[in-house]
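Work through the exercises below with the sequence and the coordinates open. Each task is followed by a solution in steps.

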Amino acid sequence: MDFKVRFATEEDLPDMLEHIQELAVYENEPDAVEVTIEELRRFGFGEHPLYKCFVAEVDSKVIGMALFYSRFSTWKGETVHLEDLIVTKPMRGKSIGKALFESVIMYAKTQKIKRVEWVVLDWNTNAIDFYEKYGAKVFKEWRTVQLDEEQINHFNFK
């Protein structure tokens, strides 16, 4: 199958949102997506973009995406956080995820970034196996910690 990977453009935003929603369904959180196309536009293509995104396409149709952004590590300096790597279900198993993942790694390499990191659900053994094939370390001792909007709004300052 012939596909190409390129940086996303504003024209890709509806497809990107569709992929994000597909991922939410896959991760058993079908109602969790709150982001809008306008927010994706403002935060990815505005004056100070907060993220970058590679898309994979076949015949001008987006079939996958890898959304990532810069973070700062007090130990390493600039790092890249891969927020989501998504390939639409009918296109999985065709090396599209591999190409998107490798595009993020190549971006980090060309930018001289010292770490790429991401989070993977413990039940997603296919993804864990995929990442481990690349030599990625899947830490068991680190836990993701979050406060959601309601918790932020009702935070109890001590």
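**Exercise 1.** In which loop does S95 lie?

Solution. The model is predicted, so local features need pLDDT of at least 70 and side-chain atom pairs count only at pLDDT 80 or more, while totals for chains, interfaces and linings use all residues. Residues are numbered from 1 along each chain as its sequence is written, and side-chain values use heavy atoms, with hydrogens and water left out.

Step 1. S95 is in the loop between β4 and α3; helices (H or I, at least four residues) and strands (E, at least two) are DSSP runs, numbered from the N terminus.
Step 2. The phi angle of S95 is positive, near 70 degrees, and S95 is not glycine. Most residues other than glycine have a negative phi.
Step 3. S95 counts as partly exposed because its relative accessibility is 43%; buried means under 20% relative accessible area, exposed over 50%, and partly exposed in between (1.4 Å probe, protein chains only).

**Exercise 2.** Is K112 buried or exposed?

Solution. 
Step 1. Locate K112 in the loop between α3 and β5 (116-118).
Step 2. Its phi is near 60 degrees, a positive value in a residue other than glycine.
Step 3. The relative accessibility of K112 is 70%, so K112 is exposed.

**Exercise 3.** Describe the order of the secondary structure and the overall dimensions of the chain.

Solution. 
Step 1. Count five helices and five strands.
Step 2. Along the sequence, they are arranged as β-α-α-β-β-β-α-β-α-α.
Step 3. The radius of gyration is 16 Å, close to the 15 Å from the globule rule for 158 residues, so the protein chain is as compact as a globular protein of that length. The radius is taken over C-alpha atoms, and the rule is 2.2 Å times the number of residues to the power 0.38.
Step 4. The C-alpha trace spans about 55 × 35 × 35 Å along its principal axes.
Step 5. Of the 158 residues, 33% are buried.

**Exercise 4.** Which residues touch the most other members of the largest nonpolar core?

Solution. 
Step 1. A nonpolar core is a set of buried Ala, Val, Leu, Ile, Met, Phe, Trp, Tyr and Cys residues joined through side-chain atoms within 4.5 Å.
Step 2. The largest such core has 20 residues, and F68, I96, L100 and V104 touch the most other members.
Step 3. Two or more residues each come from β2 (52-58), β3 (61-73), β4 (77-87), α3 (96-110) and α4 (125-133). The most, six residues, come from α3.
Step 4. Another core, of 14 residues, lies apart from it and includes I20, Y51, C53 and M65.
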